[in-house]
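Please read the following report beside the sequence and the coordinates. It takes up the fold of one chain, the interface, and then a selection of side-chain interactions.

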Amino acid sequence: MMSSIKTAWTWIDDRTGIMQMLGPPLKHHVPRNAKWWYVFGSCTLLFFTIQVVTGICLALVYAPSGDSAYDSLLYLDYVVPGGWMLRAIHAWSSNAMVFMMLVHMTQVFLHGAFKFPREMTWIFGVALMLTTLALAFTGQVMRWDSDAYWGVGIGASMMGRIPFIGGWLTHLILGGPIIGGDTLSRFFSLHVFILPGAMIGLIGGHLMLVLRHGISEEPKKGGPGEFVDKATYRAAYKERMKKHGVPFFPDAAQRDMVFCGIMLIVLVVVAAWYGPIGPSPRPDPANILVNPRPDFPFLWIFAILALLTPTIEDYLIIVAAPVVLMVLFLVPFLAGTGSRLASSRPIASLSVVLLITGLLVLSWLGVTSPWSPHMSAWTSDAVPPVFVKGRTPLQLQGALVLQHSQCRNCHSLDGLGGKRGPELGDVASRLSRDQIIRQVQQGDGNMPAFGKNLTAAETDALAAFLYSCHPPGVQPATRPGAQIKQLIELDKARANN
Amino acid sequence: MTRRLHWLAAALLPVLVAGCDWHFPGKPIKTVEPVAGSRAEFDRIYFVNCLGCHGPEGRNGPARPMNDPLYLAVIPDEVFERVTTEGHGVLMPGFKKTPFGGLTTKEISDFTTGIKKFWGDPKKAWNDLPPYAQPEGAGDVALGGKTFATYCGSCHGPDGSGKPDGAGSVVDKFYLDLVSDQALRSTVIFGRPDLGCPDFRGPYPGRPAGQGLTPADIDNVTAWLVSNRVSLDEEAAR
């Protein structure tokens, strides 16, 4: 049995020359001290492979059209045997891939592995990072649920702010001026053809470069390769590998395989335990309690957008984002030589710590914040009856305008509704009627301007209603701040009771 | 070492494959979809789509109460379905099915049957019900103004402009700009029972009990309310 397999293999190898092709890369020498630090890259590749395999399986069932995409996910979840597991693995492996890629990148950065002569490897790496994030983003859109809808909306509005080509780019991506059925087919072709194609090409290039320049040694104080000097590094590295290096296979590959094996098991357990991610409720403006959030790789962007005012956002998108990207690409040219030891590169180490802390804090805010609008509040959150009783017919119409214009998706009345903007149940104790009208017409900060979208009658009714919204015992504001004294007294009275 | 890993992998593989359909905690549980035509499905549709404007329990919202047997006895099914599908006036949105939501024709017709069954009083033998829609060309504005002053004036003021300790103005130009003729007629017929505006059967303060509006009165009052409209565009142009 064994011998016949061996014969067959020898035949295949002889006719295809496969070992001749794979031999050198597998046997190429890597540093002896390349220990567990070096497994993250292979693990990222493992997750990508899983994505390709599970992705192909999913594509057999998934229907990339606005009408049926959502239902095909439900079909996978409930009807196709093991379909839910496939979805779970694909989703968790996507998150795992982004995570592993960031760990890999951090390791490469901290070990100074991007320095001469491996600049190109880093640049390919940054391109891979962008492609991975784009795949994660487009993948989230495939769910075509309310998170997806919201994500595309935010993405499109960000893109729309790019000078000159913004409008055109948005149109290209959305397949029209607004999100519609064509949007999904655009994202589908990005997600399954264009981006994976780019990914495979980039991975090929990245690996070729890794082979060409070899794996850098783990920098140790006084150890080989601590300092990078353009004149001597190459020859010295070659010499060291010849003398002390070990073949990649099986020495280093073993560690890769063990780590990948463990990660694979973790992935399957997580997928089995937590199940598929989403779909959240359908992207239905009339659906209850929708609280859309992007997947974890994008939570921090979501938090930034929620925290900043639109004017700052503009600078962020037009200026800061390209600058950060440029810096990322240029890292190997800004610090191409010198010590690779993290402890002798305080600025580099500090920026990693700051970046990671910043991303974690923002992501946490993204999870816990009540910022995102409730897409459904306008039809499903009641105007509490205390705001209906005793109102004039005009004020009742104002309450209807408040619902109909979807103000409730961002604003609550008596705690009910979206939390993106302030509670409106007591707005009259803060703002005068004119201020209310100005706020509605001109918008402010994170509130869109409704000026052109509301008729004179609608604005008047709205102001009449909102101006009737104040706590009992507090007169509505006629001047800004006029009510503060009254409120303080009311608080005192409450405290005394 | 590698040998043992192979065995481990080989042993795990079938477990994985077979495990795919076991009841792991992550396996999604199919939520029971409410049965079409059931009370649960009716409640769900109302809660998600209508409650924001027509009020919790179908009353006490800013828009017309729906939980009102008299109203449900008068409004024809096809009107209810058409309004729900296409919307009405300025502020009633349509719920026609789109890729992003809305209700299917079937859901809307089941909902219409449901609302009449669960909130209406189908067994009651109503008599002398006025027609839902204003008959073509019906209504005398001058007579309507008089009837309004007599029946409605005690609350809304004889000229309809509201009373400080009664009810608000029904002739406000912005109010009239936002409501449709039918919405006005519906209020004349059905009142706002949840807010204290009587339906056409009364009782109207200062009128003998049992004296309500006749169908002709309803047409006239509606015509009078409508006649108070001003064109805001023309006014702005002036």
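From the N terminus on, the elements of chain B run α-α-α-α-α-α-α-α-α-α-α, and the secondary structure of this chain comes to 11 helices and zero strands, where helices (H or I, at least four residues) and strands (E, at least two) are DSSP runs numbered from the N terminus. The model is a predicted one, in which local features need pLDDT of at least 70 and side-chain atom pairs count only at pLDDT 80 or more, while totals for chains, interfaces and linings use all residues. Residues are numbered from 1 along each chain as its sequence is written, chains are lettered from A and ligands numbered from 1 in the order in which they are written, and side-chain values use heavy atoms, with hydrogens and water left out.

Of the 238 residues of chain B, 41% count as buried; here buried means under 20% relative accessible area, exposed over 50%, and partly exposed in between (1.4 Å probe, protein chains only). Among contacts in chain B (heavy atoms within 4.5 Å) between residues at least 6 apart in sequence, 64% join residues at least 24 apart.

**The interface**

Between the two chains, 52 residues of chain A are in contact with 49 residues of chain B. The area buried between chain A and chain B is about 4,000 Å², of which carbon and sulfur atoms give 73%; buried area is the accessible area (1.4 Å probe) that two parts lose on being put together, summed over both. On the side of chain A that touches chain B, at least two residues each are supplied by helix H4 (69-78), H5, helix H11 (248-274), helix H15 (377-380), helix H16 (393-404) and helix H18 (456-466). The count of salt bridges between chain A and chain B is zero, a salt bridge being a side-chain nitrogen of Lys or Arg within 4 Å of a carboxyl oxygen of Asp or Glu. Three residue pairs are found in polar contact across the interface of chain A and chain B, both residues at pLDDT 80 or more; a polar contact is a pair of N or O atoms within 3.5 Å, where within protein one must be able to donate a hydrogen and the other to accept it, and residues adjacent in sequence count only if both atoms are side-chain atoms.

**Salt bridges**

| Pair | N to O distance |
|---|---|
| Arg39(B) and Asp43(B) | 3.3 Å |
| Asp219(B) and Arg185(B) | 2.7 Å |
| Asp199(B) and Arg201(B) | 3.0 Å |

Arg39(B) and Asp43(B) both lie in helix H2 of chain B, four residues apart, about one turn of the helix; Arg39(B) counts as partly exposed at 37% relative accessibility, and Asp43(B) is partly exposed at 24%. Asp219(B) lies in helix H10 (residues 215-227) of chain B and Arg185(B) in helix H9 (residues 181-190) of chain B, so the pair ties together parts that are 34 residues apart in sequence, and both Asp219(B) and Arg185(B) are buried. In the remaining pair of the table, Asp199(B) is buried, with a relative accessible area of 12%, whereas Arg201(B) is partly exposed, with 40%. In chain A, Arg143(A), Asp145(A) and Asp295(A) are linked in a network of salt bridges.

Asn67(B) is found in the loop between helix H2 (39-54) and helix H3 (69-74) of chain B and is buried, with a relative accessible area of 12%. The side chain of Asn67(B) reaches the backbone oxygen of Glu57(B) at 2.8 Å. Not counting residues up to four places away in sequence, Asn67(B) touches Glu57(B), Gly58(B), Arg59(B) and Trp119(B).

Gln140(A) is found in helix H6 (residues 119-142) of chain A and is buried, with a relative accessible area of 1%. With residues up to four places away again left out, Gln140(A) touches Asp147(A), Ala148(A), Gly151(A), Pro294(A), Asp295(A) and Phe298(A).

**Aromatic rings**

A search of the whole structure finds 18 aromatic pairs over all chains; rings of Phe, Tyr and Trp (its six-membered ring) pair if their centres lie within 6.5 Å, and planes under 30 degrees apart count as stacked, over 60 as edge-to-face and the rest as tilted. The rings of Phe109(A) and Trp122(A) have their centres 6.2 Å apart and their planes at 40°, so this pair is tilted. Phe109(A) in helix H5 (residues 83-110) and Trp122(A) in helix H6 of chain A are 13 residues apart, and both Phe109(A) and Trp122(A) are buried. In chain B, ring pairs link Phe42(B), Tyr46(B), Phe80(B), Phe111(B), Phe118(B) and Trp119(B) into a cluster.
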